[in-house]
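Student: I would like a close look at one strand and what surrounds it. Please take me through its pairing and its turn.

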Protein chains: 2
Amino acid sequence: MREYSGLLTDLYELTMAAGYFQTGFDGRATFELFIRHLPPHRNYLIAAGLEEAINFLERVDFSQDEIEYLRSHPIFAKIGADFFAYLGKFRFTGDVWAMPEGTIAFPGEPIMRITAPIIEAQILETYLLATLSYSTMIASKAARLYTAARGRQVVDFSARRAHGGAASLLCARASVVGGCTGTSNTLAGEMYGIGTYGTQAHSWVMAHEDEADAFNHFLDTFPAGATLLVDTYDVRKAVKTIISIGRKPAGIRLDSGDLRADSRWARRELDRAGWKDVKIFASGDLDEYKIASLLKKGAAIDAFGVGAALGTPGDAPHLNLIYKLVEVERGGKIREAAKFSRSKVTYPGRKQVFRHSNSRGEFSGDKIALEDEPPGGGEPLLVQVMRDGRRVAPKEPLTALRERCISSLARLPKQYPQLNRSAIYPVRYSQRLKVMLADVRRRVQHPAVK
Amino acid sequence: MREYSGLLTDLYELTMAAGYFQTGFDGRATFELFIRHLPPHRNYLIAAGLEEAINFLERVDFSQDEIEYLRSHPIFAKIGADFFAYLGKFRFTGDVWAMPEGTIAFPGEPIMRITAPIIEAQILETYLLATLSYSTMIASKAARLYTAARGRQVVDFSARRAHGGAASLLCARASVVGGCTGTSNTLAGEMYGIGTYGTQAHSWVMAHEDEADAFNHFLDTFPAGATLLVDTYDVRKAVKTIISIGRKPAGIRLDSGDLRADSRWARRELDRAGWKDVKIFASGDLDEYKIASLLKKGAAIDAFGVGAALGTPGDAPHLNLIYKLVEVERGGKIREAAKFSRSKVTYPGRKQVFRHSNSRGEFSGDKIALEDEPPGGGEPLLVQVMRDGRRVAPKEPLTALRERCISSLARLPKQYPQLNRSAIYPVRYSQRLKVMLADVRRRVQHPAVK
């Protein structure tokens with residue numbers, strides 16, 4: 001696939017683009033990306049995916065083949081050559097404000113705001129929604145795992161459960177934004193400089209005539225770094241075999257069975273052998289609830305590998321991020337836009353989010369306001385990352401994003417970073433936004449009753 | 001990212017590869033990919049993802065940069081230059097047998113079997129699991145949507161909820177394998193020749209001063225193909241507006257609200273206007289259960305767009321496909337392999353699946369047997385697709401894969417293609433496999449008690 005293809009979008013974005021083009025609608029529009037409601041059990045989100053989005057916005061275009069494809073599509077049969085010539089020169093020329101990755105976000109708060117000629121902003125909707133939704137979902141899940149593990153390492157093991165290779169890379173990166181220490185995904189290690197982990201699987205043990213041979217041969221190859229997998233046949237026999245071999249591994253890994261009982265038993269056996277520094281690693285269908293429960297019950301586990309629950313979370317398999325028009329310019333006139341379908345209201349206007357703290361440095365509440373409102377002591381969360389289609393914010397190292405997430409979680413009052421829906425963080429709209437919403441509602445409802 | 005990178009794998013596959021290399025373990029191994037249990041509510045799977053897997057196997061290699069990355073990784077500090085030279089020449093040289101895409105599959109049945117030098121087969125595990133799991137999960141979900149829609153079109157609308165752009169393409173393709181008619185994903189349309197659908201979003205309506213203008217301008221651009229979205233403010237007002245404009249659209253789309261009541265009301269209004277051929281399209285958090293319920297209650301809907309429930313299914317967010325060693329050669333001797341950890345048994349040996357039919361042509365049961373067992377009247381499901389690293393099965397058109405799925409579903413007795421867990425399709429193991437399993441169990445347990 002062409003990684004930065006303008007065709008990476010829903011067809012309706014392109015038909016609308018043609019419609020704006022044909023009818024001379026060339027004003028600038030502002031769209032905001034946010035969620036209306038938190039997924040079940042969540043108290044907050046961790047914004048992520050911005051770097052990927054900026055990369056795309058800097059490079060997106062249409063190849064001649066892609067334009068020919070559109071030209072041959074029946075829906076575009078009546079569209080003249082000018083529109084296709086426009087696509088041939090298409091580049092993103094807009095402005096982007098966004099929450100830096102690792103920032104805590106709540107419902108209603110834009111994690112990104114984009115202002116551009118309406119055709120550009122429309123065409124980019126699908127890509128931006130997918131990219132920011134996925135990474136934000138993963139970083140938010142990783143933060144829960146980080147909380148549950150209480151200082152122990154959590155490693156992304158999800159590559160084999162990912163939605164293909166490219167998704168596995170985005171997942172590894174977003175996992176680190178949310179607090180994971182590393183990944184099993186080797187290409188993610190190379191591309192993003194993330195620490196990579198893993199040594200042996202069941203197949204290594206099964207490929208050898210007996211388990212002692214399997215362990216010995218692995219220790220021959222990796223005398224210092226081997227973590228030996230002990231549950232292929234019988235955990236306790238395997239641990240005894242390793243101790244009887246007498247060559248100290250770096251660690252052992254439990255991947256099934258009673259992780260609490262087996263880890264405690266293995267810890268005692270390893271300690272008795274004088275191997276107090278041999279780490280116990282656990283994996284096998286783990287999630288934040290199981291990790292919290294294992295640690296609460298005294299499991300002797302030093303680090304966790306989490307696969308499917310991190311990469312394809314069953315409790316929140318997607319994030320309902322939306323991309324809403326909040327302002328549009330036409331014929332030199334700016335007009336605020338909002339949506340009022342049953343039970344779904346969208347506030348108009350270009351917004352900023354101000355986060356307030358109390359005297360102890362804890363976050364005490366957010367105010368969503370218009371971008372030109374005074375901060376009133378709050379910290380503005382959206383920063384400008386692109387101007388006229390060019391990146392203006394420097395690329396941040398992944399370690400800085402992870403640090404932002406972890407230090408922000410530490411400033412969140414302790415009722416929020418919990419595994420269950422525990423409390424609703426206070427987020428309010430400014431008075432000016434409320435007035436503007438009422439004005440738009442009157443204006444939109446008026447023509448409908450004429 | 002490099003699309004066919006050998007680093008697209010878990011680090012432990014590469015440490016095991018180094019272990020096999022250093023200890024002179026160069027025999028051929030056979031691994032099989034299958035699921036142990038069906039996800040909740042499922043009675044069958046639809047195999048998919050094979051084309052993507054073959055593409056990868058034909059092209060995978062390691063770049064010099066990638067090899068340098070591995071060489072600099074602490075875990076490989078003691079590994080000599082020969083192993084890295086081996087990776088520099090790495091190509092897949094093995095044999096692959098697989099179920100053609102669109103084939104119905106059940107637990108225990110290999111959807112792929114790979115025989116190759118053990119290092120190759122090990123390195124490729126992670127990629128093959130991810131690719132076949134994801135596409136099989138999506139095709140299986142699409143088949144449920146196809147069943148629920150009872151002949152009406154179902155279109156993949158999941159691009160904005162996909163795990164990034166690349167995942168959205170795999171999803172669009174697998175959706176069609178499982179019975180969908182098309183996708184909203186434009187790049188998928190271009191790459192795979194899938195029909196693409198979609199015309200306008202809420203933002204088009206919101207960008208215009210009033211709804212009548214929005215509809216008129218869209219009809220100006222697309223006089224023949226416009227499907228107008230009617231729920232931005234008020235469905236019934238919008239439908240009346242369209243009728244009063246007097247320009248017949250191709251269709252209308254409902255994206256929220258009471259789809260049953262609104263579709264029936266809209267159908268009557270459109271019919272009364274003499275517009276019996278204007279189609280009613282529905283979308284908005286649909287899944288197979290909602291589609292079945294809408295149709296059962298008489299909703300007047302001609303086609304459905306399905307997003308998140310198709311691309312990121314909440315009821316089965318991943319497939320637990322596994323990759324198990326079933327046979328290994330060392331020093332010229334072939335040895336069968338199996339796994340016996342608590343409650344998880346894997347049958348040894350290279351397998352074939354034979355599907356039996358009754359006199360009415362209905363599928364009556366499957367037998368999993370060794371590859372050289374006689375079919376006994378059953379149809380062998382695994383076909384050879386690669387030999388010595390080269391493709392030997394021709395690439396099939398996507399329409400043929402969809403047709404295979406649909407005609408197979410029609411041959412499945414009607415208790416199986418249901419939306420809930422209804423009946424367990426009979427799958428049994430051959431007598432020779434059972435004997436071989438018992439032999440391996442004795443052999444593996446013997447050394448453990450010595």
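Tutor: Start at one bridge: B:Ile35 is partnered with B:Leu321, which belongs to strand 13 of chain B. The model is a predicted one. That bridge is part of an antiparallel pairing between strand 1 of chain B (residues 28–35) and strand 13 of chain B, which runs over seven bridges.

Strand 13 of chain B covers residues 321–330, and seven of its ten residues are buried. A residue counts as buried here if 20 or more other C-beta atoms lie within 10 Å of its own. In general, side chains in a regular strand alternate between the two faces of the sheet.

Strand 13 of chain B has another antiparallel partner, strand 14 of chain B (residues 333–336), with four bridges between them. One of the bridges joins B:Arg330 to B:Lys333 in strand 14. Two residues separate the strands of this hairpin, and B:Gly331 has a positive phi near 55°.

B:His41 is not a glycine, yet its phi is about 70°. B:His41 is partly exposed because 15 other C-beta atoms lie within 10 Å.

As for the other chain, chain B superposes on chain A by a rotation of 180° with 0.0 Å of shift along the axis, at an RMSD of 0.0 Å. This is the relation of a two-fold axis. The two copies use the same surface, since 100% of the contact residues of chain B recur in chain A.

How values were computed: Residues numbered from 1 in each chain as written. Chains lettered and ligands numbered in written order. Predicted model: local features only at pLDDT ≥ 70, side-chain atom pairs only at ≥ 80, totals over all residues. Least-squares fit on C-alpha atoms with pLDDT ≥ 70 in both. Contact = placed C-beta atoms within 7 Å. Buried ≥ 20, exposed ≤ 12 C-beta atoms within 10 Å, placed from the backbone. Pairing = 2+ DSSP bridges.
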